Amino acid sequence: EGAVTNLGRIVSDAGRIGLSAALVNNSGSIDASSAVAEGGRIFLKAGNSLVTGAGSSIKADGVTGGSVTLYADDAARLDGAISATGSAGKGGFVETS
């Protein structure tokens, strides 16, 4: 039960962000990127619905790409930008379900 709503900015210098609730809403920015190491990991899990707005940004970029997992048991309505890009070497991984 419960809900998580991000309307602003969530940044992790350690490169790991995880949010879990019945309803997950992101209209802001979630950033677990690194300019000097492998990309971060972002995991958003909704027991019911996961929604990312048109202006949202989810980034796990790095020297090698990171990992973004967006998962909903019921419905995922994804809009906005999702990135797990590598600046040198192999790219990252984005999974939506």
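Which residues does Asn 26 touch, not counting residues up to four places away in sequence?

## Around Asn 26

Asn 26 touches Asn 6, Val 51, Thr 52, Gly 53, Ser 56, Ser 57 and Ile 58, where contact means heavy atoms within 4.5 Å. This is a predicted model, in which local features need pLDDT of at least 70 and side-chain atom pairs pLDDT 80 or more, while totals for chains, interfaces and linings use all residues. Residues are numbered from 1 along each chain as its sequence is written, and side-chain values use heavy atoms, with hydrogens and water left out.

Asn 26 sits in strand β3; strands are DSSP E runs of at least two residues, numbered from the N terminus. Asn 26 is buried, at 2% relative accessible area (buried means under 20%, with a 1.4 Å probe and protein chains only). A polar atom of its side chain lies 3.3 Å from the backbone oxygen of Gly 28.

## The parallel sheet

Four strands make an open, parallel sheet in the order β2-β4-β6-β9; strands pair if DSSP finds at least two bridges between them. Because β2 (9–11) and β9 (81–83) are at the edges with a single partner strand each, one side of each has no neighbour in the sheet.

Strand β6 (residues 57–59) is joined to β9 by three bridges, and Ser 57 has Ala 81 as its bridge partner in β9.

How values were computed
Buried < 20%, exposed > 50% of the residue type's maximum accessible area, 1.4 Å probe, protein only. Polar contact = N/O pair within 3.5 Å; in protein donor to acceptor, adjacent residues only side chain to side chain.
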